[in-house]
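Open the model in your viewer and keep the selection tool at hand. The tour goes stop by stop, from a single residue out to the whole chain and back again.

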Amino acid sequence: MFRQLTYFFIAMIFSPNIFCSESVNVYSYRKPQLISPMFIAFTEKTGIEVNSIFAKKGMLERIKNEGRNSPADIILTVDIGRLADLKNADLTQQVSLAQINKNIPENFRDKDGHWFGLTSRARIIVASRKRVSEGSINTYESLVNDQFKGKVCTRSGKHPYMIALTASIIAYSGEEKAKQWLYGLKNNLARKPQGNDRAQVKAIHEGLCDVAIINHYYMAMMLSDPEQKKWAESVYVIFPNQDGRGTHMNVSGAALAKYAPNKKNGLALLKFLSSNEGQELYSAKNSEYPVSGKMSRSSLLESWGEFKQDKSDLNKIADNREAALMITDAVGYNF
Ligand SMILES: [Fe+2]
């Protein structure tokens, strides 16, 4: 017993990791089950422990309040809007690593290196299998046709997903055209905008509307939920604007916190997340697309096949968010 204890203490003296193990702190807007597989892989690879806290709301305010004492190293969030908000609130710092810049296409990262897209999501159109014949809708613009009067459902026009879509239309067609489009969309609504993306598909299933705009991964979520499966099965998927600019893409991404206490480890995590392995682990968990390269995908995504993505720079879309919000108010979209 005494000999075993002696060995144990000797081992502790010569193993620096026992007393001060390396770690990195992650503030995550994303649920623990979505991010834990990649953290486990990262720790196995580097020996760096990942401590993560999950906050669905109020993360920006929390980091702001913690100020210089914030333990946050890496911030994980979804949507270009939230990433841009972190940068604009001066809560992030610049990262300039050739490897990360090589892993992530330019249109999916901040021009100043303050945030990086890690997975991407398509804003798709879904249409009733029963009531909408295939081929009758193939662009976001065609949603405003008279044919769909009183047949369109969306969530609030002010939700970040909708604002990013409107901002992408401003980027492509200009403010006036985008405003006309949103006005036309509002005029075709079946009901006041409400609920989340899945609620729109449920509404199609219930016959309240025929077409809706949603993020693609909700189809995967609904298909694996016993209650929601029938909602998803009542619609088919359309990747809009395939003959033009392509389907609008948004991202989930990461940023290095301004006062990251473990900056070196934060950068190591960022590098891992941007790698093929990191992107693959992350995107698979939520049925998203990696931001670069062709990696293995779920059978559902494989069944949808390849599609043309709108390669608009997310920096530009982020810059257009304010105008998108103004247009949404101007046309009274939510009323
Ligand atoms: Fe979402």
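Select arginine 121 first. Leaving aside residues up to four places away in sequence, arginine 121 touches Asn215, His216, Tyr217, Met249, Asn250 and Glu288. Touching here means contact: C-beta atoms, placed from the backbone, within 7 Å. Arginine 121 sits in strand β4, residues 116–128. Helices (H or I, at least four residues) and strands (E, at least two) are DSSP runs, numbered from the N terminus.

Is arginine 121 buried or exposed? Arginine 121 has 23 other C-beta atoms within 10 Å, so it is buried. The cut-offs: buried means 20 or more other C-beta atoms within 10 Å of the residue's own, exposed means 12 or fewer, and partly exposed lies in between, with C-beta atoms placed from the backbone.

A word on the model. It is predicted, so local features need pLDDT of at least 70 and side-chain atom pairs count only at pLDDT 80 or more, while totals for chains, interfaces and linings use all residues. Residue numbers start from 1 along each chain as its sequence is written.

Zoom out and colour by domain. Domain 1 covers 22–120 + 250–296, and domain 2 covers 122–248 + 309–330. These bounds come from an automatic or database domain assignment. Over C-alpha atoms, the two domain centres are 27 Å apart. At the boundary, 15 residues of domain 1 are in contact with 15 residues of domain 2. On the domain 1 side, α5 (80–88) and β8 (249–256) each supply at least two residues. The most come from α5, which gives four. That side of domain 1 has four nonpolar, six polar and five charged residues. Nonpolar covers Ala, Val, Leu, Ile, Met, Phe, Trp, Tyr, Cys and Pro; charged covers Asp, Glu, Lys and Arg; the others, Gly among them, are polar.

Select α5 together with helix α7 (residues 160–173). Their axes are 8 Å apart and cross at about 90 degrees. Axes are lines fitted to C-alpha atoms, for helices over the stretch in contact, with angles from 0 to 180 degrees between N-to-C directions. The pair is therefore roughly perpendicular, a label for angles of 65 to 115 degrees. Show Ile80, Gly81 and Arg82 of α5 against Pro160, Ile163 and Ala164 of α7: these make the contact. By class they are four nonpolar, one polar and one charged.

Move to helix α13, residues 276–285. Gly278, Gln279, Leu281, Tyr282 and Ser283 are buried there. Their cover includes α3 (32–46), β4, α12 (263–274) and β9 (289–290). Just after α13, look at serine 287: its phi is positive, about 50 degrees.

Next, serine 292. It lies in the loop between β9 and α14 (299–304). Serine 292 has 17 other C-beta atoms within 10 Å, so it is partly exposed. Which residues does serine 292 touch, not counting residues up to four places away in sequence? They are Asn103, Ile104, Pro105 and Gln279.

Finish with the whole chain. Count 16 helices and nine strands. The C-alpha atoms fill a box of roughly 85 × 40 × 30 Å along the principal axes. Buried residues make up 45% of the 335.

Conventions
Two residues are in contact if their C-beta atoms, placed from the backbone, lie within 7 Å. Angles under 35 degrees count as roughly parallel, over 145 as roughly antiparallel, 65 to 115 as roughly perpendicular and the rest as oblique.
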